[in-house]
Amino acid sequence: MPGDGYVSTAQVCEAAGISSATALRWSRAGLLPPYERIHGGKRGQYARWPAHTPEQAKWVKAQLAKLFSREEIVAKLAAGECAPTSAE
């Protein structure tokens, strides 16, 4: 998966120090980009995320630590305050 423009849920979580449940919840709330669900047959399902997601997850965690609300963070994202730096 590395190098194809996507990262795993584990990579997102490790970068920001969050759980997979938190990453999925943040995605549903609009704090992280949508993930793509991949069906791996006998290996089950997994999610893959755009390559910039670990950076965005760290940024979101920092904003929450500064006591910004989720709504404020979504507005900051819409304004481009956390623009992806990788264009893979």
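# Close-up views of a predicted model

**Figure 1. Length of helix 3 in the predicted model.** Helix 3 covers residues 53–65, and its 13 residues, at 1.5 Å a residue, should span 18 Å. The C-alpha atoms at its ends are 18 Å apart, which agrees with that expectation. Just after the helix, leucine 67 adopts a positive phi of about 70°.

**Figure 2. Buried residues of helix 3.** Thr53, Pro54, Gln56, Ala57, Trp59, Val60 and Gln63 are the buried residues of this helix.

**Figure 3. The aromatic pair of tyrosine 35 and tryptophan 49.** A search of the whole structure finds 1 aromatic pair. The ring centres of tyrosine 35 and tryptophan 49 are 5.1 Å apart and the ring planes meet at 45°, so the pair is tilted; planes under 30 degrees apart would count as stacked, and planes over 60 as edge-to-face. Tyrosine 35 belongs to the loop between helix 2 and strand 2 (36–39), whereas tryptophan 49 belongs to strand 3, so the pair ties together parts that are 14 residues apart in sequence. Are the two partners buried or exposed? Tyrosine 35 is partly exposed, at a relative accessible area of 25%. Tryptophan 49 has 0% relative accessibility and therefore counts as buried.

**Figure 4. Strand 3 and its pairing with strand 1 and strand 2.** Strand 1 pairs with strand 3 in the antiparallel sense, over 3 bridges. In this pairing serine 8 is placed opposite arginine 48 of strand 3. Histidine 39 stands opposite glutamine 45, a residue of strand 3. Strand 2 and strand 3 form a hairpin, with 5 residues between the two strands. Within the turn, glycine 41 has a positive phi of about 65°.

**Figure 5. Charged side chains over aromatic rings.** In a second case, lysine 76 lies over the face of phenylalanine 68, at 3.6 Å from the centre of the ring.

Technical notes:
Residues are numbered from 1 along each chain as its sequence is written. This is a predicted model: local features need pLDDT of at least 70, side-chain atom pairs count only at pLDDT 80 or more; totals for chains, interfaces and linings use all residues. Side-chain values use heavy atoms; hydrogens and water are left out. Helices (H or I, at least four residues) and strands (E, at least two) are DSSP runs, numbered from the N terminus. The expected span of a helix is 1.5 Å times one less than its number of residues. Buried means under 20% relative accessible area, exposed over 50%, partly exposed in between (1.4 Å probe, protein chains only). Rings of Phe, Tyr and Trp (its six-membered ring) pair if their centres lie within 6.5 Å; planes under 30 degrees apart count as stacked, over 60 as edge-to-face and the rest as tilted. A charge sits over a ring if NZ of Lys or CZ of Arg is within 6 Å of the ring centre and within 35 degrees of the ring normal. Two strands pair if DSSP finds at least two bridges between them.
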